[in-house]
Amino acid sequence: MKRLLLFLILLAPSAHAASLHVRDADTIVVDGTPVRLNGVDAPELGTRSGQDAKRWMVNYLRGKSISCDLNGERTHDRWVGVCYADGQDIGAAVIAAGHALDCRRYSGGRYRHLETAAAKSRLRRADYCR
């Protein structure tokens, strides 16, 4: 399995500062590389829940060191992987915060225990995650 690590140290002095952009609650762009968070089912941006989830993600990641462990797969223009903010799994954090659900088809159920009752009642699970 091909593995690639991406690192982003925010606010660290260097000649080249890496960048972070949050597309939505399940896709981030680290130094120009789009990464789809493996096993995370987040609401679409066209919904209020999607906008709330993106806002939460932006605030959660602000000022943190980001690393991603990519699995070598791609979906659309994105690499797929598990990313960490200061060593904490970002997918686990967004699900535990109630802004996304576990996509067991891709996670193997690794995040299922973190789903909140409120998120399960409010968010629609994507068909491909069932």
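Reader: Are Cys 68 and Cys 83 buried or exposed?
Author: Both Cys 68 and Cys 83 are buried, where buried means under 20% relative accessible area, exposed over 50% and partly exposed in between, with a 1.4 Å probe and protein chains only. This is a predicted model, in which local features need pLDDT of at least 70, side-chain atom pairs count only at pLDDT 80 or more, and totals for chains, interfaces and linings use all residues. Residues are numbered from 1 along each chain as its sequence is written, and side-chain values use heavy atoms, with hydrogens and water left out.

Reader: What joins Cys 68 to Cys 83?
Author: A disulfide does, with 2.1 Å from S to S; the term covers a pair of cysteine sulfur atoms within 2.5 Å. It links distant parts of the chain, 15 residues apart, with Cys 68 in strand β6 and Cys 83 in strand β7; strands (E, at least two residues) and helices (H or I, at least four) are DSSP runs, numbered from the N terminus.

Reader: And how do β6 and β7 pair?
Author: Strand β6 (residues 66–75) pairs with β7 in the antiparallel sense over seven bridges, pairing being called when DSSP finds at least two bridges between two strands.

Reader: Why is β7 largely enclosed by the rest of the structure?
Author: Six of the eight residues of β7 (residues 78–85) are buried, so the strand is largely enclosed.

Reader: New topic: how many disulfides are there in the whole structure?
Author: A search finds two, and the other link joins Cys 103 to Cys 129, with 2.0 Å from S to S. The torsion about that S-S bond is about -95°, so this disulfide is left-handed.
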